[in-house]
Amino acid sequence: MLFLYSVMKKILLLFTFFLCLQSFAQHKDKQTVLRILDNQTKAWNEGDLERFMIGYWNNDSLMYIGKNGVTYGYQSTLQNYRKNYSNRDKMGQLNFTILHVNQLSSHIIQVIGKWQLTRPSVGDAGGHFSLIFRKIKGEWVIISDHSS
């Protein structure tokens with residue numbers, strides 16, 4: 001009986017240790033994703049669309065869903081940003097408010113939030129977004145952006 005108790009205790013300790021490691025990894029992943037969004041905000045507010053796009057998956061399968069429907073691909077998404085935000089007045093100052101960060105698996109994180117553009121010359125704009133981040137080759141990237 002004592003042997004069984006000892007084995008059960010070791011299993012419980014290993015399980016607890018595993019849960020702590022998993023929790024730490026998830027926290028680290030979430031912090032990485034939030035840092036990407038912070039870097040995007042800084043790049044946008046400096047008028048640098050190319051640097052803003054670093055957070056996105058540079059692939060033809062990237063999906064951006066907006067008021068005009070679905071855009072596929074990194075280059076097409078960048079072109080739409082260039083067209084719709086062709087100067088600093090149209091870009092304004094970007095602010096994200098993060099509402100939820102949900103780690104759905106070790107390689108998928110969902111972020112829900114609000115975006116706000118402060119644009120004195122052309123009028124403010126804002127809405128909500130849902131982002132899907134995927135860890136690809138060790139890097140977190142946005143694979144799907146639904147902004148309204």
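Is arginine 82 buried, partly exposed or exposed? At 35% relative accessibility, arginine 82 counts as partly exposed, where buried means under 20% relative accessible area, exposed over 50%, and partly exposed in between, with a 1.4 Å probe and protein chains only.

Good morning, colleagues. The structure is a predicted model, in which local features need pLDDT of at least 70 and side-chain atom pairs count only at pLDDT 80 or more, while totals for chains, interfaces and linings use all residues. Residues are numbered from 1 along each chain as its sequence is written, and side-chain values use heavy atoms, with hydrogens and water left out.

I begin with the overall arrangement. The protein has four helices and six strands; these are DSSP runs numbered from the N terminus, helices being H or I with at least four residues and strands E with at least two. From the N terminus on, the order is α-α-β-β-α-α-β-β-β-β. Of the 148 residues in the protein, 34% are buried. Among contacts with a separation of 6 or more, 49% join residues 24 or more positions apart, contact meaning heavy atoms within 4.5 Å.

I turn now to charged pairs. Side chains of opposite charge can pair when their charged atoms come close. A salt bridge is a side-chain nitrogen of Lys or Arg within 4 Å of a carboxyl oxygen of Asp or Glu, and by this rule the count is five. One of them brings us back to arginine 82, whose side chain meets that of glutamate 50 at 2.4 Å, N to O. Glutamate 50 lies in helix α2 (residues 49-52) and arginine 82 in helix α3, so the pair ties together parts that are 32 residues apart in sequence. Glutamate 50 is itself partly exposed, at 40%.

Another salt bridge lies within a single helix. Aspartate 38 and lysine 42 meet at 3.2 Å, N to O, and both belong to helix α1, four residues apart, about one turn of the helix. Aspartate 38 is partly exposed at 37%, as is lysine 42 at 44%.

Aspartate 48 and arginine 51 form a further salt bridge, at 3.6 Å, N to O. Their relative accessible areas are 26% for aspartate 48 and 32% for arginine 51.

Which charged residue is buried yet has no salt bridge? The residue is arginine 119, and the nearest side chain of opposite charge, aspartate 124, is 5.8 Å away; here Lys and Arg count as positive and Asp and Glu as negative, with His and the chain ends not counted. Arginine 119 lies in the loop between β4 (108-118) and β5 (125-136). A polar atom of its side chain lies 2.9 Å from the backbone oxygen of lysine 90. Leaving aside neighbours within four places in sequence, the contacts of arginine 119 include Tyr85, Asp89 and Met91.

Finally, I come to the largest pocket. A pocket is an open set of points on a 1 Å grid over the protein atoms alone, where a 1.4 Å probe fits, with protein on both sides within 12 Å along at least five of seven lines; lining residues have an atom within 4 Å of a point. The largest pocket holds about 760 Å³ of space. Of its 31 lining residues, the closest to the centre are Tyr64, Tyr81, Tyr85, Trp115 and Ser147. Helix α3 gives the most to this lining, with five residues.

Note on methods
A polar contact is a pair of N or O atoms within 3.5 Å; within protein, one must be able to donate a hydrogen and the other to accept it, and residues adjacent in sequence count only if both atoms are side-chain atoms. Grid points are joined across faces, edges and corners, and a volume is the space filled by probe spheres set on the points.
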